Amino acid sequence: MSTITISNLRKSYGRIPAVDGFSLEIPGASVFGLLGPNGAGKTTTFKCMLGLARPASGEILYDGKPLAPAMFERIAYIPERSVLYDWMTVEEHVEMTRRAFRSFDPARAFELLATFNIDRRRRVRALSKGMRTAVMVALAFARNAEILVLDEPTGGLDPVNQRHVLSLMINEAAKGNSVIFSSHQIGQVERAAEHIAVMDRGQLILQGLVDDLKADRKIVEGIFPDITFTLDGIANDARVARADRTERVVRLLVTGGADEIAERLANAGAMGVRVLDLNLEDIFLYAVSPATSTADVVAKETSS
Amino acid sequence: MNYVEWLRVRNLLKIVVIILAILVVLAVVLRISFARYMSPEAWVAHAAMQHGTHETHLTLSDGTKRLILDNPSERTRIVVDDHGYAGRHIVITEPTSSSHSDTDHVNVGSIQVVESRHGTITTTVIDTNGAVPMLYYMLLADIVALIVATILAAPFAREADGHLEIALTKPISRIRFALGTIGADVVGIIAASIITVVAFYLCQLLFESARVDFSGINTRAIAMGIAAPLAWYAMLCAATTWLHRSYGAVLGFAWPVVILIAVLSIINPTNVVALFIHDVAWVLARIIPFSYVQFASPDSHNALIYQGGDFARRLSLEILLFVVYGALAIWKWQRLEA
C-alpha cells in the first residue's frame with residue numbers, strides 16, 4: 001500500500017504555468033481519479049511524479065521517500081499517447097519489458113493481449129490507436145506494480161475494452177495496489193474511482209471521496225414567473241457554493257440544508273422548486289466551468 | 001545492454017550482412033566467370049600454348065617447382081617458380097616498342113606486380129600470394145563502420161522523439177541506460193567492421209589463399225580503424241542529443257559539413273577573408289575525429305598516419321574525442337524532459 005504525497009508542485013513551460021502550487025495526498029490501495037479540462041496540468045503532474053519533467057519547486061514522496069530509479073520496479077505508467085516503438089513487434093515490446101522489470105509476468109501480458117485480440121507478431125505501426133493503447137495497458141497490468149499511473153488509459157478503446165480496463169483497475173486496487181488515473185470520460189471515473197481530485201489551470205480545486213462529494217452537494221433549482229425577481233439574500237447564504245441565473249431559472253449549488261434553501265426559494269416567489277442530486281459530471285462541471293459566480297448573482301440582485 | 005538499441009543495431013547489422021553477402025556472391029560469380037582468364041596462372045597457360053614455345057619443368061634444390069617457357073621467335077621468356085603455399089614468383093621478359101626506361105608498381109590484394117622497361121626489353125615480375133596488408137581491409141571496414149556509426153548515432157534523440165516515457169521509467173539510472181545504449185552501438189560498429197573484414201577476406205579467399213599482414217603499420221591501422229568511427233559516432237551522438245528535434249538533419253548534413261570544413265582547413269588562403277575562413281575551419285577541424293586520420297599507401301613516406309610516434313598522439317586524441325563527446329551526450333541526456 002503506497003501513499004503518494006505531492007506538496008506545492010510548480011512547473012512552467014516557458015512563462016506558462018502548467019502546474020501551480022499543486023498539493024495532493026493520494027491514498028494507497030485505491031483507485032484515484034484525476035480530473036480536469038484540457039490543459040489543466042494533469043499530464044504534467046504525472047510527468048513530475050515520474051521524474052519525466054523537472055518541477056520548478058515542490059516535492060513528491062512515495063511512502064515518504066523521493067522518487068529513485070529503483071522505485072520504477074514498483075511503478076507502472078501508461079502515457080496519454082502511444083510511446084511504443086513503431087518498428088518493433090508487440091512481442092518485442094513484451095521482451096523489452098521482461099528484460100527491464102523483474103516483476104513483469106510475460107504470460108499475463110500475452111493473456112491480456114489475447115483478451116484485447118492483439119496479434120503479438122504484428123508491428124506496432126500496423127496497430128490502430130486503440131490497439132496501441134491496449135498494448136500499453138497489457139504491458140502495465142502485467143507488471144505486478146504497486147502503483148499504476150494511467151494517463152487516459154482507455155483512449156481509443158472500444159466500450160467493451162474500456163470496461164475491461166476499468167475492471168483491471170478496480171482489481172488492482174482490490175489487491176492493495178494504488179491506481180491513479182486521468183480521464184475525460186467522467187462516467188468511467190465515477191464507475192472506477194473512490195477518490196477524485198479536480199485540477200484547473202494547474203491548481204487543485206476540488207478533492208475527496210466520490211460518495212462524499214456527491215452526498216454533500218445538491219442542486220436547488222427554482223423557476224420564477226418572470227425575469228425580474230430577487231433571491232432575498234439566498235445567494236449570500238454560506239451553504240450556497242454557487243448560483244447560476246439564466247432568464248427565469250436559478251440553479252443553486254448547495255453544500256448543505258438543501259430543503260431549507262428550497263423553501264426559502266419558494267418563499268421568494270419561485271413557482272417550481274426542485275432539489276436534485278448531483279452526479280460526478282455535475283460536480284466536475286461546476287468545479288471547472290467559468291460560471292456566473294455567486295458574487296455576480298448577488299451583484300445583479302443588488303443592482304436590480 | 002539496452003534491448004531496444006540492440007534491436008536497432010541487430011536490424012542494421014542484418015542489412016550490412018545482406019549487402020556484404022551480395023558482394024561475396026558477386027565475387028563468386030566473378031571467380032567462376034572470369035577469374036581463370038585473369039589469374040597469372042591463366043596468363044602463363046595461355047603463353048604456353050603459343051606456337052614455338054618450349055616448355056621446361058625443373059625442381060630446384062629447395063623444392064621449388066620451376067616452369068620455363070621460352071619462345072625464341074617471339075623473344076619472350078617466362079619463368080614461374082612455384083613455392084606452394086608461399087605463392088608463385090613469375091618473371092616475364094618480352095620485347096617492347098618503347099625505348100625509354102621506367103618502372104611501375106601495382107599491388108592488387110596479395111598480388112604484387114613490378115614492370116620494368118629498359119631499352120627494348122620489358123621485365124614483369126609477379127609475386128602471388130603475398131600477405132595482404134590488414135590496412136586494406138581496415139580501410140574497407142572503416143567505410144562500412146562510419147556509415148553504420150552515422151546511422152546509429154542518434155540513440156538519445158530517437159528516444160526523445162516520443163519514447164522517453166518508456167526509456168525513463170525503467171528501474172535503472174539515466175547514466176546506466178545511456179551507457180547501455182552507447183555500449184550496444186559500439187558493439188554494433190565494431191561488429192560491422194569485423195563483418196566487413198570477414199566478407200572481404202572471403203572474397204580474397206575465392207581467388208587465392210590469402211594471408212594477412214598484421215605487422216607494424218597494419219596493427220596500428222586496426223586501432224585507428226576502430227577508434228575513428230567510434231569518435232565520429234560519439235560526436236554525432238552528442239550533436240543529436242543537444243539538437244534532438246532535428247536529429248535527422250544533423251545526421252544528413254554531418255558528412256557534407258565535415259568535408260567542407262576539412263577542405264576549407266587545408267586550402268591556402270589568398271586574401272584576408274579566405275584566411276579568416278581557413279582559420280575558423282582549421283579550429284573546427286580540431287574537434288572533428290577525421291582530422292586525425294589520413295589515408296595513404298603503406299609504402300608512402302608522406303602520409304599514412306599510423307606512423308611513428310605521431311600515431312600514439314592521434315589515437316589518444318580519437319579516444320579523448322570519443323570520451324568527451326560521449327560524456328556530453330550523456331550529460332544532456334540526463335537533463336532531457338518528456
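**View 1. A right-handed helix crossing in chain A.** The crossing of α3(A) and α4(A) is right-handed, and like everything in these views it comes from a predicted model. Here α3 covers residues 106-115 of chain A and α4 covers residues 129-141 of chain A. Two packed helices are described by the angle between their axes and the distance between the axes. For this pair, the angle is about 150° and the axes sit 8 Å apart. Angles over 145 degrees count as roughly antiparallel, so that is what we call α3(A) relative to α4(A).

**View 2. The residues where α3(A) meets α4(A).** From α3(A), the contact uses A:Ala109, A:Leu112 and A:Leu113. Facing them from α4(A) are A:Val135, A:Ala138, A:Leu139 and A:Phe141.

**View 3. Where chain A touches chain B.** Chain A puts 21 residues into this contact, and chain B puts in 16 residues. On the chain A side, helix α2 (residues 90-100) gives the most, with five residues. Sort that side of chain A by residue type and you get 14 nonpolar, one polar and six charged.

View 4. Chain B has 10 helices and nine strands. Its radius of gyration is 26 Å, while the globule rule gives 20 Å for 338 residues, so chain B is more spread out than a compact globule. Along the principal axes, the C-alpha trace of chain B spans about 85 × 50 × 30 Å. Buried residues account for 33% of the 338 residues in chain B. Look at the contacts in chain B between residues at least 6 apart in sequence, and 67% of them join residues at least 24 apart.

**View 5. A closer look at B:Ile175.** This residue lies in helix α6 (residues 174-207) of chain B. Is B:Ile175 buried, exposed or partly exposed? It has 13 other C-beta atoms within 10 Å, so B:Ile175 counts as partly exposed. Leaving out residues up to four places away in sequence, B:Ile175 touches B:Ile330 and B:Gln334. How far is B:Ile175 from B:Val24, in sequence and in space? The two are 151 residues apart in sequence and 41 Å apart in space, C-alpha to C-alpha.

Notes:
Residues numbered from 1 in each chain as written. Chains lettered and ligands numbered in written order. Predicted model: local features only at pLDDT ≥ 70, side-chain atom pairs only at ≥ 80, totals over all residues. Helix = DSSP H or I, 4+ residues; strand = E, 2+ residues; numbered from the N terminus. Rg over C-alpha atoms; globule rule 2.2 N^0.38 Å. Buried ≥ 20, exposed ≤ 12 C-beta atoms within 10 Å, placed from the backbone. Contact = placed C-beta atoms within 7 Å. Nonpolar A, V, L, I, M, F, W, Y, C, P; charged D, E, K, R; others polar. Axes fitted to C-alpha atoms, helices over the stretch in contact; angles between N-to-C directions. Parallel < 35°, antiparallel > 145°, perpendicular 65-115°, else oblique. Left-handed = near helix turned anticlockwise from the far one by under 90°.
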